[in-house]
Amino acid sequence: MQGLPSPHDPSVLPEHTVAACNLLANAQSDTERRQADSWLQEFRASPAAWTISDALLRQESAGASVWLFAANTLRHKTRTAFSQVPSQARMQLRQSVFEHLTRFAAGNAPVVTQLCLVVAEMALRMDEWSDPVPDLLSILAGPSSDGSMLPSLLQCLTVLAEEASQVNDGLNGRVSGVLDNQSTTVTDFLHKCTQQFPAHANAAFRCFSRWMRFVSLPPATLATLPLVQGTFEALKSPAVFQDAVDVVCELAFSCRSQQYMYDPQTAQLLNALMGQVPAMRQLLVKAIEDDDDEVAPGCARMISDIAEAGITALLDNGWQPHHDALFEALMQCVACRQEQTTGLTFAMWGMLGESIWERNTSKHPVPEQLKSVFT
């Protein structure tokens, strides 16, 4: 590109990258835009992109588009070319990323997101970093913290779980050590956030949902967590209702895992969910009366997912007292005039019907109460 060295030339400086970013943002023609984009993509693949991106994130005058490109480049290279960083330089790189995160935390969400992804990638790939989760809690939310880094910390923990689901097989041992062994530490911290920092409760519940989905959190662990009881309480708060619903649905899904389906602790968690159905039905009834098209579908999602999670136990063990409340709540969903709310139960009814058809034998007779539901 005219006026700039080759992106692989050792003479490339931060100002060359700034010029290419500015040209991409302000190109007068498609040709200029393609040339700038091509130069930046080639630069991103070069070893020099590590140090130049780091330098650009320190430049006060670089500008938002340049900062975002630099942060995105670090994320890309950490995922695809982390071996380019010598072992002895990795802790310094980690420290530098934390400094950038602190600087941008107050006002540049896109850059913060990319930097959180960099932190997550390093945590999963960096053998030199022995205890990523405790270190994150200490560095970003330690005793000396003023709380300003809490949103960034929650985002780091959230994307850490998400990125763990995408690593290659060669990193599975590392992932297990980093995440599985720290699940209690994380859930205790998230519970503290929901109780002491209500402004960040939504982010904490979203983080919990991701850890349940992407990290091994068996029902035996979930059944005794204060955070689970805190989630049930949060359903009463409109501000965090939707995120609490997501948590409840993930809890129900965890009970359906073949690995844990017949574990006694799974029954404990499932019974705890069943015990919340009457309160969910009360929320549902009020939402229907108020024509609330957010709370009513949310309640239907939870009730249906809990019912799906309990189908095997129902057909194995027969009708239990909590099934009365469960199916009354399901019928309330069906009777609702909101098509979305009614429709959210269809998958459950289909799954239940299929399970009955497969298991309707003398050894596994269908409970009489269940027959009455269909008639």
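Analyst: Start with burial: a residue is buried under 20% relative accessible area, exposed over 50%, and partly exposed in between (1.4 Å probe, protein chains only). This is a predicted model, where local features need pLDDT of at least 70 and side-chain atom pairs count only at pLDDT 80 or more, while totals for chains, interfaces and linings use all residues. Numbering runs from 1 along each chain as its sequence is written, and side-chain values use heavy atoms, leaving out hydrogens and water.

User: How many salt bridges does the structure hold?

Analyst: A salt bridge puts a side-chain nitrogen of Lys or Arg within 4 Å of a carboxyl oxygen of Asp or Glu. There are 18 here. One of them joins Asp135 and Arg94 at 3.6 Å, N to O. That pair links distant parts of the chain, 41 residues apart: Asp135 sits in helix α7 (residues 132-141) and Arg94 in helix α5 (residues 90-104). Helices are DSSP runs (H or I, at least four residues), numbered from the N terminus.

User: Is Asp135 buried or partly exposed?

Analyst: Asp135 is partly exposed because its relative accessibility is 25%. Arg94 comes in at 11%, so Arg94 counts as buried.

User: Which residue does Arg281 meet in a salt bridge?

Analyst: Glu328, at 3.2 Å, N to O. Arg281 is in helix α16 (residues 277-289) and Glu328 in helix α19 (residues 321-335), so this bridge ties together parts 47 residues apart in sequence. Arg281 is partly exposed at 27%, and Glu328 is partly exposed at 43%.

User: Which residues do shared partners join into one network?

Analyst: Arg75, Arg79, Glu121, Arg125 and Glu163.

Technical notes: Helices (H or I, at least four residues) and strands (E, at least two) are DSSP runs, numbered from the N terminus.
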